[in-house]
Amino acid sequence: MFRWLLFTACLSICGGLPAANPIDVILAKDHASRGLSPARTVDDARFLRRITLDLAGRVPSLSELKSFMDQPDRDRAIERLLGSEEFVQYWSELWTITLAGRATGERVDRETLRRWLADRIRANTAFDQVAFDLISATGVTALDGPVNFLVANREDPVTQVSRVFLGVQLDCARCHDHPFDRWTQDDYESMRRFFEPIQLEEVSGGLRLSDAVADRDPDDENLPRFLTGARPRTTAWRKNFALMTIRVKPFSRAIGNRVWQLLLGRGIVDPVDGLSENDQPSVPELHDFLGQHLRDTEFDLRALVRLICSSDAYARQDYGKNSNINQVEQAHCYEAFAARKPRAMLPEQWVLSHRVVTQVSLANAMDAIEEEATFDLVAVNENAVQLVGQSAVSVGGTDPIELQRTSQGLLQELATPSVARVNDLEEMFLATLQREPTAEEFETLATVIGQDVLYALLHCNEFVFNH
């Protein structure tokens with residue numbers, strides 16, 4: 001496969017072929033082996049909607065839509081969003097959810113963690129360094145952002161570290177050997193010991209996290225043991241564990257899979273943290289490639305996002321309701337990324353998109369969207385929690401895509417007022433759905449007042465789903 005990638009690159013340099021995104025080369029081979037015909041890519045307006053939702057957390061504004069349609073350069077749109085403060089803020093929120101959930105846990109300073117992540121994303125800090133700092137963090141919750149990751153998961157830190165950074169679930173092995181996987185209760189206990197030296201004490205800034213000195217005999221069989229069998233070489237057990245984590249290939253593959261899932265809506269390994277003997281990657285070569293790409297670029301998060309978003313795989317549409325593909329075939333297409341499976345907007349996306357469309361205050365979620373993004377992500381998170389439902393958030397997981405709205409959250413969404421800026425039907429469709437109304441829609445809605453039209457558009461499936 002990698003020889004084929006090199007061959008196509010050489011042909012491109014020599015003028016024989018246009019440059020091919022390696023993701024599409026890998027998937028083309030996979031689709032051919034399965035006998036799948038990929039769906040077409042979306043039109044320009046739909047692409048702008050998708051990329052703006054995924055990178056900035058909102059639908060595009062009317063001015064952005066007009067500017068893009070005047071000169072529809074997809075690569076330039078990706079670069080503009082990747083270089084924006086909105087990307088920094090929105091993706092820092094996504095990673096905060098992944099690390100600590102949506103709820104504000106007891107003694108956890110969630111916003112300090114998010115701001116620390118925003119600083120790292122803004123500086124494009126190598127993501128292996130970000131992971132190392134999170135796993136080995138010490139300090140006070142109100143001052144030291146990464147400490148809050150460990151405090152949020154203080155009851156069982158090794159399980160969350162394994163899920164996020166290795167893509168494996170050790171949960172079942174806490175109580176017994178996994179019946180369908182290789183991880184045993186001894187594996188779990190040996191990994192958990194890396195975190196035994198952690199000490200928490202109350203201080204004026206919240207909680208202080210530090211490590212007691214781990215001074216056991218290096219030949220002691222009860223020393224912590226990594227999943228590879230490696231033992232700590234020094235008494236700084238957590239730093240040893242952090243280095244072991246970021247240096248193994250499963251780390252880069254797990255991060256690549258998470259970024260892919262956030263952008264495509266489904267992981268190559270699904271669930272995203274469920275790699276096991278039974279749940280293998282749906283496209284193994286792609287899983288390996290994304291991990292290798294991260295290592296080759298020294299864990300450059302933006303470079304990975306850019307690569308994925310510029311692929312045809314990212315831009316594909318669904319086959320549509322009128323296709324002849326049955327449900328079984330459709331499932332194969334989704335797992336092979338031959339088509340885009342529609343998924344509901346994340347609650348954060350709905351909150352920010354509502355703000356863009358109505359241009360009225362929604363708990364001060366975001367101001368001056370068309371000029372300069374200034375987020376109040378505490379308010380965004382509070383609104384998102386209401387949309388999901390407080391009870392569901394409190395017991396839910398930390399996968400941003402997995403935990404969606406409950407009936408309580410749906411009622412909250414339906415109760416959110418929608419104030420129309422204008423009564424122009426065409427403009428309201430462009431602002432919400434990034435398309436003009438059909439002749440039938442225009443005729444049906446021509447006499448309906450603008451506020452009612454906008455409410456209907458903000459709650460219809462075409463708006464709520466990220467197609």
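How many helices and strands does the secondary structure of the protein come to? Some notes for a first look follow.

1. The secondary structure comes to 25 helices and seven strands; helices here are DSSP runs of H or I with at least four residues, strands are runs of E with at least two, and both are numbered from the N terminus. Bear in mind that this is a predicted model, where local features need pLDDT of at least 70, side-chain atom pairs count only at pLDDT 80 or more, and totals for chains, interfaces and linings use all residues. Residues are numbered from 1 along each chain as its sequence is written, and side-chain values use heavy atoms, with hydrogens and water left out.

2. Of the protein's 467 residues, 51% count as buried (under 20% relative accessible area, with exposed meaning over 50% and partly exposed in between, using a 1.4 Å probe and protein chains only). As for contacts (heavy atoms within 4.5 Å), take those with a separation of 6 or more: 68% of them join residues 24 or more positions apart.

3. Have a look at helix 3 (residues 44–56) and helix 5 (residues 74–82), whose axes come within 10 Å and cross at roughly 20°. The axes are lines fitted to C-alpha atoms over the stretch in contact, with angles from 0 to 180 degrees between N-to-C directions. The two helices are therefore roughly parallel to each other (angles under 35 degrees; over 145 is roughly antiparallel, 65 to 115 roughly perpendicular and the rest oblique).

4. Who makes that contact? Helix 3 brings D44, F47, L48, I51, T52, L55 and A56, while helix 5 brings R74, I78, R80, L81 and L82. Sorted by class, that is eight nonpolar, one polar and three charged residues (Ala, Val, Leu, Ile, Met, Phe, Trp, Tyr, Cys and Pro are nonpolar, Asp, Glu, Lys and Arg charged, and the others, Gly among them, polar).

5. T52 sits in helix 3 and is buried, with a relative accessible area of 0%. Not counting residues up to four places away in sequence, T52 touches G57, R58, V59, P60 and L81.

6. L290, in helix 14 (residues 284–296), is buried with a relative accessible area of 0%. Leaving aside neighbours within four places in sequence, L290 contacts I23, G256, W260, I268 and L304. The C-alpha atoms of L290 and N257 are 7.5 Å apart, though 33 residues separate the two along the chain.

7. L304 belongs to the buried residues of helix 15. That helix (residues 301–309) is mostly covered, with eight of its nine residues buried.
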